[in-house]
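Open the model in your viewer and colour it by confidence. The stops below go from the whole chain to single residues and then to the ends.

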Amino acid sequence: MKRKLVTSFGLAVGLLMICAPVFAHHGGSDYDTQNLLTLKGTVTEFLWENPHCQVFLDVKKDDSDKAVNWGIETLAPAVLKRAGWSPKTLHPGDQITITLAPSKKGTPIGMIRRVVLPNGKELTGGSFGGGDLPTQQ
């Protein structure tokens with residue numbers, strides 16, 4: 001009887017250890033939400049896919065012709081759809097202005113807050129549990 005109890009307990013603990021990563025989800029702690037950044041650039045790619053859509057944007061550095069490619073994370077497609085987005089919202093070559101929470105590590109990645117489309121329409125990045133933060137440039 002004791003052996004069955006120990007075996008059952010061992011199996012339960014093992015199963016929980018294997019399943020725990022399924023429930024894990026990253027947060028926004030990698031992003032500086034207090035110091036938003038506004039960038040103007042050219043869309044190179046827009047991926048409409050789960051778990052997060054992605055916007056890739058070439059941003060020219062100061063006066064040089066060299067561009068830095070930014071990877072900008074959004075929320076899930078369902079959240080963006082409720083905020084007015086669609087898979088056809090952005091296209092390669094579109095000139096946009098985007099406000100994001102940049103990486104705390106200084107790498108060219110960020111989490112979207114809002115975007116101004118080529119036609120002047122402004123969209124938010126969806127709900128971030130606390131609303132959009134004010135833009136700081």
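A residue is called buried here when its relative accessible area is under 20%. By that cut-off, 30% of the 137 residues in the protein chain are buried. Keep in mind throughout that this is a predicted model.

Start with the whole chain in cartoon view. Switch to the surface: the accessible area is about 9000 Å², and carbon and sulfur atoms hold 59% of it. Of the contacts with a separation of 6 or more, 55% join residues 24 or more positions apart.

Next, select Leu-57, Ile-72, Trp-85, Leu-90, Ile-96, Ile-98 and Val-115. These have the most contacts inside the largest nonpolar core, a set of 19 residues. At least two residues of this core come from each of strand 1 (37-47), strand 2 (54-60), strand 3 (67-73), strand 4 (95-102) and strand 5 (109-116).

Now centre on Val-115. Which residues does Val-115 touch, leaving aside those up to four places away in sequence? They are Trp-85, Ile-96, Thr-97, Ile-98, Lys-121, Glu-122 and Leu-123.

Finish with the confidence colouring. The chain has an average pLDDT of 82, with 73% of the residues at 70 or above.

Methods
Residues are numbered from 1 along each chain as its sequence is written. This is a predicted model: local features need pLDDT of at least 70, side-chain atom pairs count only at pLDDT 80 or more; totals for chains, interfaces and linings use all residues. Side-chain values use heavy atoms; hydrogens and water are left out. Buried means under 20% relative accessible area, exposed over 50%, partly exposed in between (1.4 Å probe, protein chains only). Contact means heavy atoms within 4.5 Å. Accessible areas come from the Shrake-Rupley method with a 1.4 Å probe; for residues, only the protein chains shown count as cover. A nonpolar core is a set of buried Ala, Val, Leu, Ile, Met, Phe, Trp, Tyr and Cys residues joined through side-chain atoms within 4.5 Å. Helices (H or I, at least four residues) and strands (E, at least two) are DSSP runs, numbered from the N terminus. pLDDT is the predictor's confidence in each residue, from 0 to 100.
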